[in-house]
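User: I am new to this structure and would like a friendly tour. Could you show it to me and then take my questions one by one?

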Amino acid sequence: MPLVVALPLAGGFLAPALGRVTGSGRWAAALPLAVAAAVLVLVLAMQGRGDEAAVLWMGGWKFPVGISLYADGLTRLVLLVIAVIGLLALVFSMDYMRQYTSPSLYYGLFLLMLAGMNGVVISGDLFNIFVFVEIAGLASYALVAFGTEADELEASLKYLALGAVASTFILVGIAIVYNVTGQLNWAKIAQAVQGAGGPSLPLAVALAFFLMGFGLKAAMVPFHAWLPDAHPAAPAPISAMLSGVLIKACGVYAVARIVFSVFGATETFGWVLAVMGVASMALGSLLMLVQADFKRLLAYSSIGQMGYVVLALGAAAVMQARGVSEAVVALAVFGGLFHLVNHAIFKSLLFLCSGSVEYATGTRQLKELGGLGARMPVTGACLRVAALSISGVPPLNGFWSKLVIILALVLGGFYTLAAIAAAVSVVTLVSFARVQRYVLGGAATAAAERAREVPAGMGLATVALATLCVASSLVMLPSVRGVLVDPAVRVVQAGLGRRAPQAAPVADVARPACPAVSGAGAPEPRLDKPAVPHPVPPAE
Amino acid sequence: MELLLDVRVIGVPLAAGAAVYALWLLLGWAARRAAGLERLLTVTAQAVAVAALVWAAAEAVSLFAAARQGPVAWAPTGQIDLGPVALALGFRADGLSSLIVLAASGIALLVALYSLRAMAGRPRLPVYYAWLLWTVAAVNAAAMATTFLGLILAWEAATVLLYLLVGMGRPQGRAAAMKTFAILGFADVCLLLGVAILLGSGALPKDLALAGVGATDSPERVAAYLLMLAAAMAKAGAMPLHTWVPAASEDAPTPVFALLPAALDKLLGIYLLARLTFGVFAVGEALAEVLMIIGAATILLAVMMAMVQHNLKRLLAFHAVSQVGYMVLGMGLAAWVLAAGRAAGGPTAGQQAAAAIAFAGGLLHMLNNSIYKCCLFLAAGSAEQVAGTTDLDRLGGLARRLPVTFVCCLVAALAISGVPPLNGFVSKWLVYQGALQAGSGLALVCLVAAVFGSALTLASFIKVLHSVFLGTRGEAVPAEGGPGESPSMAVPMVILALACVGLGIGGGWAVDGLILPAGAAVGIQPAGIETAGGWDLNILGGRGLWSPVLATGLILAGIAVGLVLYWIGRVMRVRVVPNFVGGEDASSDATWHVSGTGFYETIRRMPGLAALFRDGGAGAFDVYRLTGHYGETLVGRLSAWHTGLLAVYASWVLVGLAALVVVLAGRWAGGG
């Protein structure tokens, strides 16, 4: 289990060193690819464990020094998404990054970002989540500025400044929580909060800080403004990682984890999330309509699509608080998480396609493009699949997750929210019809005249993602859903009902392979009590 | 998946399309380099498509025959349970569904035959045939779905395929393709939302079965009905969601347009309208009046727009919109009569008869329209094949070059204008009778609009026939050489034209065999219409008798008398002189070609109408354009806030943070 963080972290430092030694960029991609593939294998090996939650205390140190890792259904789902998208983005980078200098630095930063994201997802305590958010963030600031053109530096600076504000507030929030509960492990904070009969005023303030901090990472309105600058400025595979994965791992995942698992869900809090979600959906997709820059359009659409996820989770919280049936709440959560997965797939595919288009034509202004459907058949077909997917066209994955979200909203009694979700879906469809119109349709423009199909590595990555766009519809089938998404749904849902942290690790104790693992299950509310020893279980 | 293949009318085109597409994916890249391979692939695709469609049509015929004995159902399999809702697919062929399947499969087969020649030479032809096949599968699936989920899936598939097919047209058509997709995509989401609202209000079972939910007596049901109605109206092309039809008409490949917007989309839209209005809901009087008004307005306004068009395909597209009005009006009248009857404690026999007549008119008009409109578009395609344009100003004198096309076009034009004894007359006659029997003031107003619209249709087609086929040769028509009549394009037109005649003269048979079983499937009692002997159509015991044999005999006799007089006239004075204008021979010179586009300029300039036409032409009534306009203003405002200044963004963050603290801390402190 620690390897999913350690491998990319080590690789992140090794790759530039290797690059310095070998001096050639040709093999620079080999190490990162091997690392990403290894991480994917590790993550795949973790799948299929149902509701089991694995807890690991690193190095056997005593609390509060120890680093704890925690992997339950939600963790495994997000890790899988990161690993798949990360590997494919790297495959794409092999050919795409030939346009840039110093590839080994790029790969180093890429792996650092990967390590940071995996760390966020797998950390069992708040402070480590903060550390890993910072690692991923720093790597991404540098990667946004990787082209070192004026606008890229400006975008990176804005991203850095706002990101730093967010980090500060997250840190202050952590300090408040530590002060109140004396705990950093979020599972134990949850118990402490529940033991105290609910959050107090300082904790509510901390919650607001967390929400702002992670909300900014997730680019929720009104904390979204950095994203439309930062995401287009980065090299295409990085844009794919930022929009496809980073805003989820450091943003939505953290919100879902901390807020739901730790603070539980109240109606107020659910409404706050739902309102932010609706605002993001509306603003993101409306502004998407008028963008002239292909990647900027995609960036705005990320804001809008993440709004769906946040809206679904927020509405689920409200439903839970109002006593709507568990099944409907589970449906809403499932819709949100499924859309998160789908968005990772089609948005990274869209960004990679925009990279291919820019690679072939040298421009990403929509009105300078045209007729690429015939000239770049593979990229064109992939772009078509991704655009139809995000527009919510059956039988592609986007349709199903939007369908589930809308049905769940209606079943929970939120007719207005369902209507807004449907309307935003229409706006998205129109926007992406516009993308298809300008990029694929029409007569070839001057820029498109000399366009050729992109090299095999880029083509391979886009085709793989396009296949996933179709294949991830299979998540609707009970057998697939039961393995991949349902455990995550149950984690979030249990968090909503504030039942999660007790249930899972107890099951873990019963596992003969890890006899002494006990994470959050042990009653250990304060610092001054003797800590339960935590032997290291076999590595995952 | 097995279920889809098991239902042959869906499975055969679906599998054939998949096979063609897979072949293209495997070998398409090589075909780009080798012309021989590309030709081989194309021929294979054509053969597979035609064979599959023949098969599907044969299956559709046997399905139709079987459905007359009672509904044919396939048990739903592989239901996906999501807790409060279950996703399930099921198919069933009753009278209405099997009629749609029969018409769709038959027309698709004819269009595929026509495409063999008409689409020749275009790139990526195997893809075209694959999409064509999938379209048939989608339409058949939508017509037979027993769950709303199946309906939505097939419905959206039809939308996407139409979008992709329209996109295969000329490069400048990409804006129109986008408009089509935007409007129909909007409609699809409306359908989805309507279903969701029904589910949320508890009116639908968990598996979303397409079953009756009863009267539209709660706000949720009214909203759901209106949303679903919007989907049906947009697909069929009724106002105000019709604007994609004329927009897409100009640049889409003509066979595509003849297949989908002219025929299959009408079938789908009216199918859903009938199913919703009579099968799923029991619509109230007010909603029925909305339907009637939509129908009458569509008839009249669209035909007036059609009269002043200068492009043949655009003109036909406006007629395609206008004709939908008759169908909607027929359904609306039937719904109104039934609603009035229910309000008074159960429909009387007379009311049931009136409803049956109006419904039969609307549904038969759907069938008739898909036949003659498809024929008209195919004729336009043939003219375009010769002249390379559909601009009315540049066409003319094609009758000599395309005699078969001319005759087919003439028959279809007379049919659409409602001239007896052709099929358009029979269905319009039924709608008129329904309006008379309905006995409300609004119905009479609608009747007037419908009759007037029919007259304007005839006027407009006189212009078409003159501009395209008669008169001297247009400048775009080559003098000699070039393509002439081609059998594979002529045969589908001839079949469609014969169907126009057959369904007109055999109107009684059509109502009896095709329409009344379909009506029975949605609870319309076959009262008030007698089809004694199979030919005559006796409405309400003789008050609205349509005796096609007698009428046709009289008409033929009249034509014979006219021919005799004409022949006598020719014998009496034979004097043929060439036309000289200013000393030059003008008899066969394109320079002296008088186009018919100016026929109705006076109407366009009429006081009162002039402003309407100007605004209509500028898109002032175009929902899509209006939304775009106001949307742009709104988005511009939003956009202006995003200045790119870090200080501004940082202040948003702080304001947002302050708001969060206030809301969360405030509520938590208060125990929320």
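**A guided tour in questions**

Analyst: Happy to! The secondary structure of chain A comes to 22 helices and two strands, where helices (H or I, at least four residues) and strands (E, at least two) are DSSP runs, numbered from the N terminus. This is a predicted model, in which local features need pLDDT of at least 70 and side-chain atom pairs count only at pLDDT 80 or more, while totals for chains, interfaces and linings use all residues. Residues are numbered from 1 along each chain as its sequence is written, and chains are lettered from A and ligands numbered from 1 in the order in which they are written.

User: What percentage of the residues of chain A count as buried?

Analyst: A residue is buried if 20 or more other C-beta atoms lie within 10 Å of its own, exposed if 12 or fewer, and partly exposed in between, with C-beta atoms placed from the backbone. Chain A has 540 residues, and the share of them that count as buried is 67%.

User: How many residues of H11(A) are buried?

Analyst: Helix H11 of chain A covers residues 267–288 and reaches 31 Å from its first C-alpha to its last. That is close to the expected 32 Å, the expected span being 1.5 Å times one less than the number of residues. H11(A) is mostly covered, and of its 22 residues the number buried is 16.

User: Is Gly215(A) buried or exposed?

Analyst: Gly215(A) is found in helix H8 (residues 201–217) of chain A. Among the residues Gly215(A) touches is Val255(A), a contact meaning that the two C-beta atoms, placed from the backbone, lie within 7 Å. Because Gly215(A) has 29 C-beta neighbours inside 10 Å, it counts as buried.

User: How are H12(A) and H13(A) oriented, roughly parallel or roughly antiparallel?

Analyst: The axes of H12 (residues 294–322) and H13 (residues 326–361) of chain A come within 8 Å and cross at roughly 170°. Axes are lines fitted to C-alpha atoms, for helices over the stretch in contact, and angles run from 0 to 180 degrees between N-to-C directions. Angles under 35 degrees count as roughly parallel, over 145 as roughly antiparallel, 65 to 115 as roughly perpendicular and the rest as oblique. The angle therefore makes H12(A) and H13(A) roughly antiparallel.

User: Which hand does the crossing of H3(B) and H4(B) have, left or right?

Analyst: H3 (residues 35–69) and H4 (residues 95–118) of chain B pack at an angle of about 160°, with their axes 9 Å apart. A crossing is left-handed if the near helix is turned anticlockwise from the far one by less than a right angle, and right-handed if clockwise. The crossing of H3(B) and H4(B) is left-handed.

User: How far apart in space are Ala18(B) and Ala130(B), C-alpha to C-alpha?

Analyst: Ala18(B) lies in helix H2 (residues 8–31) of chain B. With 14 C-beta neighbours inside 10 Å, Ala18(B) counts as partly exposed. Ala18(B) and Ala130(B) are 112 residues apart in sequence, but their C-alpha distance is 6.7 Å.

User: Which helix supplies the largest share of the side of chain B that touches chain A?

Analyst: Where the chains meet, 53 residues of chain B are in contact with 62 residues of chain A. Several elements of chain B each supply at least two residues of that side, including strand E1 (72–81) and helix H23 (646–669). The largest share, 16 residues, comes from H23(B).

Methods. Lists of a residue's contacts leave out its neighbours within four places in sequence.
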